[in-house]
Amino acid sequence: MTGATKTISGTGLTFENLTISGSVSSADAITIAGNLSVSGSLNNTTGSITMSGAGKTLSGAGTITLGTLAITGSITSSSSFSIGNVLDVSGTFTASAGTATFTGSSFLNGTANLFNVTLNGTALQLSANAVLGIANVYTITAGTLNVTSTVPNTVNFNGTGAQTLAAGTYNKLIVSNGNTKTLGGAVVVNSDFTIASATTFNASSQSITVLGNWINNGTFTPATSTVTLSGAANTSLSGATTFNILTLNKTSAVNQVTLLNNISVTTLNMTSGTMITGANTVTITGNRTGNGIILGSIQHSHTFVLGTAYAFESPNNTFTLTGVTTSASVTMTVTPQGVADFPSGAAINREYNVTASGITLAATLLRFHYEDAELNGNAEASLSIWRNTGSGWSLYGNSGSNTTSNYVEQTSVLAAFTGRYTLAAASNVVRWNGSVSSDWNTAANWTIAQGSPSRPPGVNDIAEIGTIAFTNQPVISNSASVKSISFGSAQAATLTLAAGGSLVTQGNITGLWSANATHTINVNDQNLTVNGNIILSDGTAGHNIQLNIGNGNVTTTGSVTQSGGAGIAFSGTGALNIGNSFNYSSGTFTAGSGTVVYNGSSIQSVAGLTYNHLSIAKTAGSAQINSAATVNGNLTVTSGDLSINAATTITGNVAISAGATMNGGAATVTLNGNWSNSGTFTPGTGTVNFTGGNAQNISATAFNNFVINKSGGTATLTGNVTTNGNLSVTGGTLDLATFTANRSSPGGSLTIANGATVNVGGAGNFPANYSQYLPGITSTVNYYRAGAQTVAGNIAYGHLTLSGSGTKTLAANTTINGDLLIGSGATFSAGTFTVNLYGNWTNSGTFNGGTGTVTLNGSGKIITGNTTFSRLTVYGSYAVAGSDITYNDLLQIVAGGSYDGGSGSATINGDLTNSGSLISNGVTTFTGTALQTIRFLNAIVSNSSGVINFNGNVSPVLNSTSAPTFATLNVNNHRRHQSKRGMDRTGGL
């Protein structure tokens, strides 16, 4: 297009290629199937440009000013352009040159790999799952990058050359595609930060704060920078990385950062939070500060200054040289679990393993920290340090302790200091002999093994069962309290809680196996409370404890460990309440009709098992499903947080109580029951999939991907739903009722699969804000409200049903690939818009065509029901099934089209053009109240039952190239006919 101030206007505008060398403006929607080249100017700020071709280009050095640019094909660009509304990429879009300038309040949907990017407006909002690729320069002239309103989203600095990262806030941030990316200012990353393979990230002297995961697959150059890991999420640090200053400043002390690789850091500031090293090591080459906790392997590798306390796990776990300054490496590995080989299991639930390099003998002050929850029944004031150098445990000493700061310390003269360490108090131990009876409370059934225990054992005594041979199995028929219980290998034991019995331990229930033995604890309908850990196996086959629960309750403030061949079985409706993690690796878990409750105040690992009911009732911290789990009953989050990081299937209901939180992560949640959300659901990047053949209710929630995949039945909204990703109805029925299921920002897709149904019950609540609407041909959308409704336009429906009552008003042109059904009591008002129908037309109500057009495009389809059309164009083959039809403006049958008027009455108030096949079997009346033009480019055929009436007092214009054939022709018009070709009749006039 050449020339100045030219315009493109109209509807349904599609070009193969568009080349502009002049100045062109448009306010309408334009589709370009090929290339767009602009050497002049193109201004379309209020309309849209859609580029749909494959392997096509956007090029030219002209000025391109757009409101909306939609990329549905695969497009490359070398041009500069500006976007004032939406850049919507559902295909692929890659720029090798030029600048994309975002003005006004604009959006990015999908993945756009741009070259230069400039913000020069109010804000550029990245929609959920959007990716902004920047291959060269990122400039902020005016406005902000909005990465917080709709998450997650990503900015990827992906040029092949060196790039500088502008200061600012990002959601996910990636540096990729090689070369060096240098931090140009302070950056905050609200989610994950990734250094891609073969790429170097130079942090220079700047600071970067990361609230998500640190993922280093390339190279990190720390220089003099500070990296801060913050936020309330539990995150990970992957890739071997060397830091200058690394600060952990998590929202809460229970928030964790897990190392997936070794790291090294000059200065480690543990301000708040917990670092879990796992099988890796954090090496400190300077020092560490702060009250945060490190669990795992911590190494100090530097010169140790005389008299300086170097902190490892915490400020109260220190190593101090009191003799001589030296350069060396000292590593402490901290394991917060039971010490399996400690006599009678009497140690606290923590072990330190100290190793060293470059130093063998030293005068030291060793201080070891513990948590109150790890005491395992030990008297805190009586704790001492114990050491094992390979030949068994021996007392190391206690030269100082503090029960408030929770530590015990010991000084030593020049000596070796490496080995395993733990803490324990003096123990009183009794052993079950069962020589008299099965009664737990009979003193003679117990043998004193160590110290001065009570018989039967009391709260300060360790009870050993099966460590010596015994006669009768122990039975508890009243209240019993002990320090801890250890099962042995001399004889398999069954501990039974009988009616009236209960058991409380101050510490652990565990086993001390030297040979195969399987023990059983029958809780039945009673209560078992463990103020420590329940350890059902040491992981060796044949070293097992079977825990059986009837209608009673088992409560542990610590963790449950199930391994080897150990088992847990519910035979009733009892509950297992867990205050820490459920560490499951093997064994049989039988859920029965029971409930497992995670109710601790720290991070808890939820075992990947098949549960009956699963309940989260936490006072703090997060319960985390990290491996696939199934809940055959209900999943209830009554308080605290549940993070779902692996596929989870729930047969029953999901209920999130007020104040509680569920995080969807990247996992798929499959639900057969109701979804009731009175708290907070954070969708992440995952999917919630509603399945089953039953009815389901879904309360107000923000989802990422929202899927209805039912074998039958209806999923009904009971509140407004939003999606950050896609809405898919792949099976069954989604009933919106009067609520909405809109996308949080423009983008994504709405899919309604063949055979699936969406019911719309509101005044105008068809899902909005989706870039693509993909109903299957045999899908159904049913507007069923008893009252007025707006029927969404610019949608290619499958079957469209208008039911209930009131007027259903079309909002824009629309296509119906299946059937249209207008129910009794409903009125369909098309207004000025076009309805493109490919299926059957069934009208049991009222159709008000306005000034719009109905096109009939199907093959072998039927029109049923008395209907008044304004403009009707037939491209396919249709037959009227005996109904009375009125045509007010135009009836047109195009070449190749076929229309059988049926045996009913046809009233034509407007024009008739037939270029295809037109058959009249009933009574057809040309009313003649206004000028009518009748064009028979192909003849009309009226069979023996057909009657043609020309009525009225305005003579029609007959403009035909084919002679029509009439069975019966009645000319009742009082004015003569203006005919350009004669008419034949086979019957009488």
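**Figure 1. Arg431 and its salt-bridge partner Glu464 in the predicted model**. Arg431 is partly exposed, at a relative accessible area of 30%. Its partner in a salt bridge is Glu464, and the closest N and O atoms of the two are 2.7 Å apart. The pair links distant parts of the chain. Arg431 sits in strand S46 (residues 428–432). Glu464 sits in strand S48 (residues 461–465). The sequence separation is 33 residues. Glu464 is buried, with a relative accessible area of 4%.

**Figure 2. The salt bridge between Glu351 and Arg420**. The closest N and O atoms of this pair lie 2.7 Å apart. Here, too, distant parts of the chain are linked. Glu351 belongs to strand S39 (residues 351–357), and Arg420 belongs to strand S45 (residues 419–424). They are 69 residues apart. Arg420 is partly exposed, at 22%.

**Figure 3. Arg871 and Asp889 joined by a salt bridge**. The side chains meet at 3.1 Å, N to O. Arg871 lies in strand S100 (residues 867–874). Asp889 lies in strand S102 (residues 885–893). Arg871 is partly exposed, with a relative accessible area of 29%. Asp889 also counts as partly exposed, at 31% relative accessibility.

**Figure 4. A salt-bridge network of Glu313, Arg350 and Glu374**. Shared partners join these three residues into one network. How many salt bridges does the model hold by the rule used here? The count comes to seven.

**Figure 5. Asp88, a buried residue with no salt bridge**. Side chains of opposite charge can pair when their charged atoms come close. How far from Asp88 is the nearest side chain of opposite charge? That side chain is Arg743, and it is 8.0 Å away. A salt bridge needs a nitrogen and an oxygen within 4 Å, so Asp88 forms none with Arg743. Asp88 is placed in strand S11 (residues 81–89). Leaving aside residues up to four places away in sequence, Asp88 touches Leu69, Ala70, Ile71, Asn109 and Ser771.

**Figure 6. Asn116 and its polar contacts**. Asn116 is found in strand S15 (residues 116–126). Asn116 is buried, with a relative accessible area of 16%. Its side chain makes a polar contact with the side chain of Thr99, at 3.4 Å. Another polar contact, of 2.8 Å, joins the side chains of Asn116 and Asn136. Beyond four places in sequence, Asn116 touches Gly98, Thr99, Ala100, Asn136 and Val137. Gly12 is 104 residues away from Asn116 in sequence and 33 Å away in space, C-alpha to C-alpha.

**Figure 7. Phe304 and the residues it touches**. Phe304 lies in strand S35 (residues 293–304). Is Phe304 buried or exposed? Phe304 is buried, because its relative accessible area is 1% and the cut-off is under 20%. Not counting residues up to four places away in sequence, Phe304 touches Tyr310, Phe319, Leu321, Thr325, Thr326, Ala328, Ser329 and Val330. Thr873 is 569 residues away from Phe304 in sequence. In space, the C-alpha atoms of Phe304 and Thr873 are 91 Å apart.

Technical notes: Residues numbered from 1 in each chain as written. Predicted model: local features only at pLDDT ≥ 70, side-chain atom pairs only at ≥ 80, totals over all residues. Heavy atoms only, no water. Helix = DSSP H or I, 4+ residues; strand = E, 2+ residues; numbered from the N terminus. Buried < 20%, exposed > 50% of the residue type's maximum accessible area, 1.4 Å probe, protein only. Contact = heavy atoms within 4.5 Å. Lys, Arg positive; Asp, Glu negative; His and termini not counted. Polar contact = N/O pair within 3.5 Å; in protein donor to acceptor, adjacent residues only side chain to side chain.
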